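Please work through each task before reading its solution.

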Amino acid sequence: MSRQNEDERPRVSDSQSNPGADAAEAVIDVRGVHYAIGDRPIFAGLDLTVKRGLITAVMGPSGTGKTTLLRLITGEIYAGSGRVAVFGRDVGTLTSRELYATRRRMGVLFQNGALLTDLDVYENVAFPVREHTDLPESLIRKLVLTKLEAVGLRGAAELMPAELSGGMARRVALARAIVTDPEILIYDEPFVGLDPISLGVILRLVKQMNDALKITSVVVSHDVHEIATIADYSYLLSDGKVVASGTPAELARSDSATVRQFMTGGAEGPVRFHYPAPDYAEELMEVAR
Ligand SMILES: Nc1ncnc2c1ncn2[C@@H]1O[C@H](COP(=O)(O)OP(=O)(O)O)[C@@H](O)[C@H]1O
Ligand SMILES: [Mg+2]
């Protein structure tokens with residue numbers, strides 16, 4: 001029953017899946033991607049590459065499509081045109097079985113990465129292992145405790161989610177995301193709503209996870225300053241495209257007005273602050289009428 005829709009997946013030619021030597025290091029490769037919701041374009045020719053072992057930041061104002069990009073990468077949605085390749089395979093051409101296998105190689109820390117409220121910390125972290133494997137309890141215990149130790153919360157294993165601070169909850173979610181040893185770890189706005197100390201802790205953990213576990217990290221954030229301190233390479237998105245990219249040093253040196261606006265968090269500049277809207281004065285007049 002669950003197999004029958006395999007053939008309904010959009011199939012795109014995989015003829016480009018023979019990347020050159022340089023591209024061999026690309027674990028995620030997004031080429032010429034167009035994606036629209038209804039008649040509203042979200043991406044209009046998006047190109048970006050995530051290289052193995054590095055921390056790649058994807059930055060852009062709220063509503064630019066950062067979460068949408070992550071959903072394209074995990075194969076939850078498909079590009080209207082262009083190609084999203086993960087581990088060298090176009091996710092649009094995978095069967096559901098292949099897609100499932102690919103997803104198991106990725107850990108995702110969702111934007112509002114909620115923990116299961118009726119399970120304690122230990123069981124929350126154990127959850128993906130129980131879902132995907134038949135490992136004996138002794139091995140599950142080892143995996144869970146190792147990951148909790150990595151985020152500094154082994155002592156909190158028996159706490160319930162309601163007993164955790166926001167920063168602790170995010171660290172538990174991080175332990176849960178790495179418990180199946182993913183090769184790619186994707187973070188959607190990992191710093192939102194954290195106090196400065198918790199934010200620093202998460203920032204350091206992202207870097208530690210990347211280095212110690214030899215993970216490839218993709219961090220999506222509108223917090224340019226935070227992420228710039230740990231990113232190896234950054235992409236700035238605006239209006240459906242990459243408007244700038246580079247190492248933190250390259251971006252800091254850039255004299256592009258767009259890059260400067262991002263880096264200084266200015267409301268004025270090439271990147272629009274307002275969502276497209278009818279004329280303001282006219283709309284106010286409508287209200288008055
Ligand atoms: N399911 C949906 N239906 C309609 N519009 C959506 C949906 N998901 C996202 N959008 C719109 O697409 C744009 C990009 O969203 P999103 O990827 O969540 O942006 P970001 O994560 O950068 O804040 C936003 O303007 C949002 O309103
Ligand atoms: Mg988002």
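Angles under 35 degrees count as roughly parallel, over 145 as roughly antiparallel, 65 to 115 as roughly perpendicular and the rest as oblique. This is a predicted model, in which local features need pLDDT of at least 70 and side-chain atom pairs count only at pLDDT 80 or more, while totals for chains, interfaces and linings use all residues. Residues are numbered from 1 along each chain as its sequence is written, and chains are lettered from A and ligands numbered from 1 in the order in which they are written.

**Exercise 1.** Determine how the axes of α5 and α6 are oriented to each other.

Solution. Step 1: the axes of helix α5 (residues 166-178) and helix α6 (residues 196-212) cross at roughly 15° and come within 9 Å. Step 2: α5 and α6 are therefore roughly parallel to each other. Step 3: the crossing of α5 past α6 is right-handed.

**Exercise 2.** Identify the residues around ligand 1 and classify them.

Solution. Step 1: the shell includes Ile37, Ile42, Gly60, Lys66 and Thr67. Step 2: helix α1 (residues 66-73) gives the most to this shell, with 3 residues. Step 3: the shell divides into 2 nonpolar, 7 polar and 1 charged.

**Exercise 3.** Is aspartate 29 buried or exposed?

Solution. Step 1: aspartate 29 lies in strand β1 (residues 26-37). Step 2: aspartate 29 has 21 other C-beta atoms within 10 Å, and is therefore buried (20 or more such atoms; exposed if 12 or fewer, partly exposed in between). Step 3: the C-alpha atoms of aspartate 29 and threonine 49 are separated by 4.6 Å, although these residues are 20 residues apart along the chain.

Terms used: Axes are lines fitted to C-alpha atoms, for helices over the stretch in contact, and angles run from 0 to 180 degrees between N-to-C directions. Helices (H or I, at least four residues) and strands (E, at least two) are DSSP runs, numbered from the N terminus. A crossing is left-handed if the near helix is turned anticlockwise from the far one by less than a right angle, and right-handed if clockwise. A residue is near a molecule or strand if its C-beta atom, placed from the backbone, lies within 6 Å of it. Ala, Val, Leu, Ile, Met, Phe, Trp, Tyr, Cys and Pro count as nonpolar, Asp, Glu, Lys and Arg as charged, and the others, Gly among them, as polar.
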